[in-house]
Amino acid sequence: MELQTWIVLIIELIGTVAFSVSGAMVGMRKQMDIFGVIVLGVVTAVGGGMMRDVFLGRIPGAFTKPVYVEAAVVSAVIPFVLLYVNKKLLHSRYQIVYTKIIFLMDSLGLGIFTAMGVSTGVGAGYEKNMFFLCFLGTLTGVGGGLLRDMMAGVPPYIFVKHIYACASLVGGICCVWLYRSIGRLPAVFIAAFVVMAIRFLAAHFRWNLPHPKTLS
C-alpha cells in the first residue's frame with residue numbers, strides 16, 4: 001500500500017473515531033443502553049459516507065471496508081464502559097466536560113469527513129464539478145450527525161447550534177480550490193483545519209445564523 005493511501009486511511013480512521021465518540025456521548029446523555037450507544041456511534045461515524053456513496057452510485061464503504069465500522073464500535077464502547085464502571089463520572093458536574101468532548105469530536109470529524117468527501121468525489125471523476133464536490137463534502141461531513149440527532153430525538157445540530165453546515169460548506173470550497181492548486185493531501189489537511197477553525201471561532205464568539213427568537 002502506498003504511503004498516501006496509508007495516510008488517507010489513518011485520516012479517515014481518526015474522523016471515524018471522533019464521530020463515533022460524539023455519537024456515543026449523545027446516546028449516553030439520552031440514557032440509551034449499550035446497543036443504542038453503539039448504533040448511534042456507528043451511524044454518526046459512517047452515515048455521511050454511506051449517503052455520499054449512494055449518490056456516487058456505489059456500494060457504501062462501510063460494507064466493503066468493515067474496518068471503519070469496527071473502529072466505530074470500539075470507539076463507542078470505550079466511553080460507555082468508562083462511564084458504566086465509574087459511576088462518579090455520571091454526576092451532573094461533568095456535563096460541561098461531556099459537552100466540550102462532543103463539540104471537539106464533532107468538529108474534528110466534521111473537518112476530516114468534509115475534506116474526504118470532496119476527495120472521494122474527485123477520485124470518482126467529478127473534479128471539474130465544483131458544486132457536486134462541495135455537496136459531497138458537506139453531505140459526508142454533516143450526514144452522520146444529522147442521522148444521530150434524528151435517532152436521538154433532538155433537534156438536528158446543524159439547524160440550531162453555531163456555524164455547522166456552513167463551516168462544512170466553506171471547507172468543501174477550500175478543499176476543491178486547493179486540490180486543483182496544490183494536490184490532494186495538502187488540500188485535505190488545510191480544508192479540515194479550516195472547518196475546525198470556523199467551528200472553534202463560532203463557539204468562542206457565539207456566532208449563529210439569524211433566526212427568530214419567538215414566533216407570535
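Tryptophan 207 counts as partly exposed, because its relative accessibility is 39%. This value, like the others in this report, comes from a predicted model. Phenylalanine 205 is also partly exposed, with a relative accessibility of 48%; buried would require under 20%, and exposed over 50%.

A search of the whole structure finds 7 aromatic pairs. In one of them, the rings of phenylalanine 19 and phenylalanine 113 are stacked, because their planes stand at 5° with the centres 5.5 Å apart. Phenylalanine 19 belongs to helix α1 and phenylalanine 113 to helix α5, so this pair ties together parts that are 94 residues apart in sequence. Phenylalanine 19 has a relative accessibility of 1% and therefore counts as buried. Phenylalanine 113 is buried as well, at 10%.

Phenylalanine 205 and tryptophan 207 form another stacked aromatic pair, with 5.7 Å from centre to centre and 15° between the planes. A pair of aromatic rings is described by the distance of the centres and the angle of the planes. The table gives these values for the two pairs.

| Pair | Centre distance | Plane angle | Arrangement |
|---|---|---|---|
| Phenylalanine 19 and phenylalanine 113 | 5.5 Å | 5° | stacked |
| Phenylalanine 205 and tryptophan 207 | 5.7 Å | 15° | stacked |

Ring pairs also link a cluster made up of Phe55, Tyr126, Phe132 and Phe135.

Helix α1 covers residues 3-29 and helix α5 covers residues 95-123. They pack at an angle of about 145°, and their axes are 8 Å apart. The crossing of α1 past α5 is left-handed. Among the residues of this contact, 17 are nonpolar, 6 are polar and 3 are charged.

Helix α5 also contains threonine 114. Threonine 114 counts as buried because its relative accessibility is 0%. Its side chain is joined to that of serine 168 by a polar contact of 2.7 Å. Apart from neighbours within four places in sequence, threonine 114 is in contact with Gly137, Gly141, Ser168, Gly171, Gly172 and Val195.

Taken by burial, phenylalanine 19 is buried at 1% and threonine 114 is buried at 0%, whereas phenylalanine 205 is partly exposed at 48% and tryptophan 207 is partly exposed at 39%.

Technical notes. Residues numbered from 1 in each chain as written. Predicted model: local features only at pLDDT ≥ 70, side-chain atom pairs only at ≥ 80, totals over all residues. Heavy atoms only, no water. Axes fitted to C-alpha atoms, helices over the stretch in contact; angles between N-to-C directions. Helix = DSSP H or I, 4+ residues; strand = E, 2+ residues; numbered from the N terminus. Left-handed = near helix turned anticlockwise from the far one by under 90°. Nonpolar A, V, L, I, M, F, W, Y, C, P; charged D, E, K, R; others polar. Buried < 20%, exposed > 50% of the residue type's maximum accessible area, 1.4 Å probe, protein only. Polar contact = N/O pair within 3.5 Å; in protein donor to acceptor, adjacent residues only side chain to side chain. Contact = heavy atoms within 4.5 Å. Phe/Tyr/Trp six-rings, centres within 6.5 Å; stacked < 30°, edge-to-face > 60°.
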